[in-house]
Amino acid sequence: MAQHGFESNDDYEFQVRCLLRGPAEGIRTLSIEGDGERRKTAFATALAHALERPHVLYHDFADRSRALPDVILPEGQDEYGRKESPIEPLDDILSHACALSEAEGVVLILDQLQAADFREHIRIHRLIRDRRWQVRDASYDANPRHLLLFLISEEPLYHSLQRASYRVWVSRVSQRRVDYRPAELGFGSAAVPLFGALADLFKALDAAPTRSEFEKLLADLTRHVQTETDLRHALFGRCEGIDRARLYGPGVDVELGRVIEALRAYIGTEQIEIGGG
């Protein structure tokens with residue numbers, strides 16, 4: 001998933017296995033909850049691509065603009081000569097998803113469901129249950145072996161819709177803290193005090209940087225950081241889960257100072273080793 005834009009220390013393998021291999025009476029549906037705001041959207045998009053389904057479709061209920069179709073057709077008329085209203089975006093994308101699922105894998109992400117009319121919640125639940133989407137007088141059957149639904153809402157879902165889904169929680173930051181070791185990242189034993197001081201600092205900040213964030217921070221430390229102010233800038237610049245108010249508050253001054261001391265000691269050791277002194 002990191003290759004597709006979502007990185008976390010938390011492991012979601014168990015939840016995904018339950019979704020894909022657990023019992024399902026209708027269309028398999030994942031309800032993505034959490035305090036991650038648009039991070040939940042990043043999770044859904046990355047997971048959809050990581051599953052390597054040929055088609056990943058996305059609909060945002062909060063987007064009120066109507067996208068223009070590739071081909072603009074003349075207005076249709078019913079048998080009484082009345083002009084038919086255009087197809088709603090939700091009907092358009094769901095009928096398309098159902099049609100594609102007849103032969104190929106599809107993930108459909110329905111985002112910001114709290115902005116949808118409650119009647120749409122009911123229709124989506126019927127789709128999951130009956131595996132069929134109704135648009136006016138036409139019906140589109142979904143293949144439950146090929147279609148996956150991802151639902152994202154900032155408010156509780158319609159009760160029946162929630163019961164038909166498997167829930168997963170996506171936090172704003174990683175919940176699992178990883179203690180990185182110097183050898184894992186190509187550093188020698190001289191970096192042990194620096195890594196220890198950084199671990200204490202992250203604990204004081206209640207932060208859990210991912211591996212790539214930690215690697216980029218180390219590059220800044222060994223190349224650019226000289227003062228506690230520099231360190232604050234680097235931490236905020238590299239680590240998504242850092243709370244700025246806590247970072248710039250007095251509660252972490254001691255830990256910041258220890259990191260700078262350990263950094264200077266480490267840089268001095270490296271210079272001695274390079275110079276052969």
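**Salt bridges and nonpolar cores**

Asp253 is partly exposed, with a relative accessible area of 35%. In this predicted model, Asp253 forms a salt bridge with Arg232, and the closest N and O atoms lie 2.8 Å apart. The pair joins distant parts of the chain: Asp253 belongs to helix H10 and Arg232 to helix H8, 21 residues apart. Arg232 has a relative accessibility of 11% and therefore counts as buried, the limit being under 20%.

The whole structure holds 15 salt bridges. One of them pairs the side chains of Arg38 and Asp111, at 2.9 Å from N to O. Arg38 is partly exposed, at 42% relative accessibility. Asp111 is buried, with a relative accessible area of 0%. Salt bridges link Arg38, Asp111 and Asp60 in a network.

A further salt bridge is found between Arg123 and Glu120, whose closest N and O atoms are 3.2 Å apart. Both residues belong to helix H4 (residues 118-130); they are 3 residues apart, so about one helical turn separates them. Arg123 is partly exposed, at 23% relative accessibility. Glu120 is partly exposed as well, with a relative accessible area of 21%.

In soluble globular proteins, nonpolar side chains tend to be buried together. The largest nonpolar core here has 30 residues. Leu198, Phe202, Leu231 and Leu235 have the most contacts inside it. At least two core residues come from each of helix H6 (192-205), helix H7 (211-223), helix H8 (228-238) and helix H10 (253-275). H6 gives the most, with 7 residues. Leu235 contacts Leu201, Phe202, Leu205, Leu217, Ile242, Leu247 and Leu256, neighbours within four places in sequence being left aside.

Thr229 is partly exposed, with a relative accessible area of 45%. The C-alpha atoms of Thr229 and Tyr248 are 9.2 Å apart in space, and the two residues are 19 residues apart in sequence.

Technical notes:
Residues are numbered from 1 along each chain as its sequence is written. This is a predicted model: local features need pLDDT of at least 70, side-chain atom pairs count only at pLDDT 80 or more; totals for chains, interfaces and linings use all residues. Side-chain values use heavy atoms; hydrogens and water are left out. A nonpolar core is a set of buried Ala, Val, Leu, Ile, Met, Phe, Trp, Tyr and Cys residues joined through side-chain atoms within 4.5 Å. Buried means under 20% relative accessible area, exposed over 50%, partly exposed in between (1.4 Å probe, protein chains only). Helices (H or I, at least four residues) and strands (E, at least two) are DSSP runs, numbered from the N terminus. Contact means heavy atoms within 4.5 Å. A salt bridge is a side-chain nitrogen of Lys or Arg within 4 Å of a carboxyl oxygen of Asp or Glu.
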